[in-house]
Amino acid sequence: MINDDVNIFWTKPEVEPSNFSHYELVFSITNTNFVSFEIIADYNTEFFNHAIGTADNGPIYYFMRSVNTAGEFSVHSDTLSSIFLNLNGQAFIAPLAEMNWNPLYSESAIDTADGYYSIQQDYGIGWNETDTTGFGNESHSELINVCHGDNDSVLVYYRIQVPHPTGCVSTSFVRSGKYQDVNPPSLPQIETVSVDTATNNAVVCWYASPEGDIQNYMIQEIAINGLDTIPIATLGNTTDPNELSFEHLNSNANEEIEFFIVIPRDSCIHSGNTFGNTGAIPNPTNFMAGTMFLQSELDRCERRVTLTWNPYVHWDEGVLGYEILASENGSDYLLVGTRGPNGNEFSIANLNIDSQYCFLVKAISNGNQKDSFTNSACIEIEYPDRSDIAYVSSVTVLDDRAIEITAYHNGGEGMKYDFQKYDPSFNDYFSIGTVTYDPFMGPDVSFVDNLNAPINTALRYRVSLIDSCDVSYSNSIDARNIILRVVANSNESENNLVWTKYVNWDGDVQGYNIYRGNRGESPTDLIASLPFWRTDYTDDVSEFIDIQGEFCYYVEAIESPNTFGFAKNSFSNQDCGTQKPIFWIPNAIVMGGVNEEFKPSGGFLNIENYSLQIYNRWGQEIFESTDFNVGWKGLYSGEPVPQGVYFYYIRYQGGDGTVFEQRGDVYFINGL
């Protein structure tokens with residue numbers, strides 16, 4: 001139908017043209033009282049324009065028949081009507097296009113059509129089918145989603161078409177209405193949110209909104225706070241309605257999960273939003289999607305990386321599974337494992353030390369959506385720090401039951417240093433203590449071996465290195481302490497010193513220092529410095545006859561500078577030599593003579609516990625002194641005793657504390 005006229009199309013009957021007389025066209029405006037209005041004599045004619053001028057007032061009903069040369073009428077055709085379309089929006093501006101129309105056919109002619117109506121729309125860019133409806137449903141309504149006219153309104157044209165299997169199409173009268181789009185476009189469904197494997201930027205891909213006048217899309221990042229979704233940033237806008245992906249150039253997808261929503265904007269500058277816009281979007285979270293965030297954790301001892309990620313939950317069809325991909329030192333990513341749809345953890349062990357591995361997880365849809373990737377998580381496979389030096393730098397004696405062993409190292413926090421002692425009974429080393437390194441210790445780690453008995457021999461020690469993964473990987477060579485022995489030669493007033501060499505310094509022994517001290521004193525006096533080959537020394541102590549007779553010594557070994565840039569020292573045990581006391585006792589005293597006082601003299605004595613007692617012949621004690629310098633002058637109670645023989649008892653100690661006792665008699669002469 002064109003304007004208010006009707007175009008009629010038909011197909012030629014299957015008769016001999018020589019027997020054909022004419023076509024007769026019949027119409028009615030009420031579907032009753034049909035009137036013949038046109039005779040067409042040309043057999044080949046298949047079209048006629050009925051310029052009735054009133055087809056815009058209602059449907060016009062038609063049928064036709066052919067007449068042969070004998071004046072006989074054929075069976076008439078199906079009765080069809082023009083499609084009369086009623087449309088709102090002509091007297092007012094409406095947001096909704098509502099329409100109805102009459103059927104093209106009668107019930108008896110239903111099989112002559114293709115079975116549906118095509119609703120077509122044109123608002124200045126050409127005819128476009130917006131929907132279809134089946135026979136028996138001669139009405140339709142649709143929201144207007146275009147804007148081009150004044151005040152955001154647009155003149156929209158509608159028509160109804162019915163296609164026929166022969167290729168003929170019946171078309172209604174064209175109606176127009178003025179409409180205004182007051183509804184936002186619907187939010188598009190996000191196809192996939194993924195992370196670009198090269199940049200770690202989030203990438204959003206979505207399906208186009210169904211509205212025909214979408215101009216572009218706005219991409220928002222969403223924060224989820226409990227049950228609330230809050231837009232925190234508008235990231236950008238597409239410039240083309242056919243552009244259905246967006247890369248977030250300032251993405252933090254390698255640090256956190258990022259959520260996005262895509263908001264369309266139509267030709268009226270209406271847009272969907274995260275809160276639904278007048279009910280058009282019942283639940284915006286259904287249109288929101290987030291990235292998968294991959295995290296990695298390294299077990300350095302097992303060289304194991306454990307990967308965890310949040311599941312991808314935004315596909316209606318669900319996740320088919322996950323693929324785990326790995327790249328070593330920048331090589332191509334390779335598949336190293338898979339997980340099912342409920343998996344979100346994967347471990348891989350025995351990775352190469354000092355290699356950098358980067359990992360990705362790919363989610364695969366159960367449908368046809370694009371794959372979704374996590375961020376890349378890269379990690380350096382570093383075995384725990386180890387000291388590469390196993391060296392006992394010093395074994396030194398602290399006292400007669402304690403030896404300190406010191407090991408030098410060059411780092412390795414959390415490392416253990418296992419100090420070991422050789423047991424000749426088993427011909428093997430056994431642990432005596434383990435020290436865990438801490439940086440405050442500096443470059444030395446020490447352990448004290450507390451012995452159950454005094455040191456009497458050189459002991460062999462070594463250190464075993466154990467890394468923080470409890471793997472023992474290196475033993476030092478053994479080192480031995482110095483043992484000193486001192487023997488007193490009282491005949492010569494000498495002390496003879498002999499010691500064992502210090503064994504296994506990296507820098508060898510440069511020399512030995514000899515230190516001496518008296519009884520009860522630490523040997524602090526350096527008395528000799530000897531070359532490295534000396535292991536003996538004789539100390540002449542005759543000049544010290546006036547002091548106690550015990551002399552104590554230790555030996556200090558001095559290391560030559562070693563390959564590590566330092567030199568250590570080591571002390572032997574302390575040993576003592578005791579000179580026998582020298583003791584002279586007079587056998588007579590003369591009052592008023594040369595020797596008026598009875599007291600002993602000598603050397604190498606310990607007079608701290610000295611005592612002298614004098615007795616007469618009846619055993620009566622007549623004198624006592626505990627002062628070595630105070631003797632008996634032949635007096636008793638301040639008066640001279642009778643001349644004669646008296647008896648003495650003397651008690652004293654040697655330099656090492658040995659107690660000596662002497663008894664004898666002394667003759668007293670009164671020379672006054």
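1. The structure holds 36 aromatic pairs. Rings of Phe, Tyr and Trp (its six-membered ring) pair if their centres lie within 6.5 Å; planes under 30 degrees apart are stacked, over 60 edge-to-face, and the rest tilted. This is a predicted model: local features need pLDDT of at least 70, side-chain atom pairs count only at pLDDT 80 or more, and totals for chains, interfaces and linings use all residues. Residues are numbered from 1 along each chain as its sequence is written, and side-chain values use heavy atoms, with hydrogens and water left out.

2. Trp632 and Tyr646 form an edge-to-face pair, 5.3 Å centre to centre with 65° between the planes. Trp632 sits in the loop between β50 (621–625) and β51 (635–636), and Tyr646 in strand β53 (residues 644–654). Strands (E, at least two residues) are DSSP runs, numbered from the N terminus. Both Trp632 and Tyr646 are buried, meaning under 20% relative accessible area (1.4 Å probe, protein chains only).

3. One aromatic cluster is made up of Trp10, Phe20, Tyr23 and Tyr43.

4. Strand β40 (residues 509–518) is largely enclosed by the rest of the structure, because 8 of its 10 residues are buried. β40 runs antiparallel to β43 (residues 550–559), joined by 9 bridges. There, Tyr512 has Ala557 as its bridge partner. Strands pair if DSSP finds at least two bridges between them.

5. β40 also pairs with β41 (residues 525–531), antiparallel over 6 bridges. Asn513 has Ser529 of β41 as its bridge partner. In this hairpin, with 6 residues between the strands, Gly520 takes a positive phi near 80°.

Definitions and conventions:
Buried < 20%, exposed > 50% of the residue type's maximum accessible area, 1.4 Å probe, protein only. Helix = DSSP H or I, 4+ residues; strand = E, 2+ residues; numbered from the N terminus.
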